Amino acid sequence: MKYFLLPTHLAFLYSFALSKPVQIATRNNDLGSEIAVYEGDILLRRGRRSAINCESCLWPKSQDGLVKVPINISSDFSMTERSWIADALQEISTLTCVQFVNRTTETDYVYVERGQSCWSYFGKIGGRQAVGLVKNGCMDKGAIQHEMNHALGFIHEQARSDRDRFVKIMWEHIVAGEQGNFGKVNSKNLGLPYDYSSVMHYGAYDFSSTPGKPTIVPVPDPSVPIGQREGLSNLDVAKINKLYKCNCCSNVLPKSKGSFSSVNYPSPYPNNSNCLWLIRIRRSKIFLQFEAFDLQHSSDCSSDYIKIYNGNSKNSPVLLDKYCGKGPLPSLVASGSTMLVEFTSDESITATGFRASYNRVNCGDTFTESNGVITSPNYPNKYPKTQACFWVISSPVGYKISLKMLSFELEDSDRCIYDYLLIHDGSRPTSPAVGPYCGTEKVADFTSTGNFVLVEFHSDIVWELPGFVMSYTFGR
């Protein structure tokens, strides 16, 4: 893994696990004699070392409070790669006041090009400002965001002035000649804590000369993970919002399970709030439940409301449109590994707000169409072991939900304690249920008493069987 940095009139380059990483000297030769090497991997125009804390390198804020960064993505990238880049940038735009917008005629803009390495300038430099992404190594969401954070004015996390309190650099394990990649800068740190989870942090084994020997060890706990590239950490978001003086209430929830609540809960939430919670877990789906819900009621929920998106931005499909008043609020399942929760209040009277929790599930979805089909994972092939699946069916108020089992074969056992299916009359695991069902027993047709149904399926560590397929319809 190779990293280079160019604050303001320079570039910060790195490649992720390339078989033939670009050497620093190669890039230096391309830059010319006006560039000086600073701390091994930082390249500066001679006489401009103060640029590392350059206040004028920030992108300007518009009168509407947004920091608009024009961007153009090279056509050298495939449509799939372009969508990956756009998705990574959209996450930044959703959680901060920095908005990446398609470049039209702007003179100053970011041009994302396919490079032989991954690299970026530091902060805004003016004119066409390139960011390089290599196909095999930079297409992870966090890697793309890493480079764009350099363009916004952020250094590597382990280069912070206070880093020695949080990590130990193992100089003896660093490849000869690469020690300059581990320098420190006189950074301001924005008054925010050190962030092991930042997308701007090196990994534990970057530039290691010996397999299994780390170059960075967290202290006091060496087991703390570093170098993740899943996406912005909560502190990455806080840093962008603080550096650019964004008036944003945004949170990232990256753990496999957790909880969150409205501001001040259980005391009344403040007026004129707009808060976002991005739930992002690894390679699973998200099951969200609300333990408490009390928002000011208004016609069409136009005053205070919660809105939930099936993805990482407000451009994602809506899982639950504006919802207000007092609970119960339905449980929801995201079709992927991200879910965005938005809460808004106006200037009038408030209520106590909400408390919610989430956890990961192997499979599931939320259905709102008037009819459809639910199947066990991999159907008609055998379902996998150790599955926990939740499907929420939501009909309009006044409509009931009818289920009909079309095929059913699970592992058979007394009391159905191994592989089993439950059907809940409501959207929560605590809602009244019929079942559990297992084996090849007859599953009776089911009609809900309200407008929500939760179908719950579990498999254990032993048998794999064909599973089930059921249909559902809405009716009065």
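Two strands pair if DSSP finds at least two bridges between them, and I kept that rule beside me while reading this predicted model.

**Strands around E21.** I looked up strand E13, residues 257–261, and found that five bridges join it to strand E21, residues 353–361, with the two strands running antiparallel.

**Helix H3.** Next I checked the length of helix H3, residues 141–152: at 1.5 Å a residue its twelve residues should span 16 Å, and because its end C-alpha atoms are 16 Å apart, the two values agree. I also asked how much of H3 is covered, and the entry reads that twelve of its twelve residues are buried. The buried residues of the helix include Lys 141, Gln 145, His 146, Glu 147 and His 150, along with Ile 144, Met 148 and Leu 152.

**Asn 181.** Last, I located Asn 181 in the loop between strand E10, 167–169, and strand E11, 216–218. Is Asn 181 buried or exposed? Its relative accessible area is 4%, and since buried means under 20%, I recorded Asn 181 as buried. I then looked at its side chain and wrote down a polar contact of 2.9 Å with the side chain of Glu 178.

Conventions:
Residues numbered from 1 in each chain as written. Predicted model: local features only at pLDDT ≥ 70, side-chain atom pairs only at ≥ 80, totals over all residues. Heavy atoms only, no water. Helix = DSSP H or I, 4+ residues; strand = E, 2+ residues; numbered from the N terminus. Expected span 1.5 Å × (residues − 1). Buried < 20%, exposed > 50% of the residue type's maximum accessible area, 1.4 Å probe, protein only. Polar contact = N/O pair within 3.5 Å; in protein donor to acceptor, adjacent residues only side chain to side chain.
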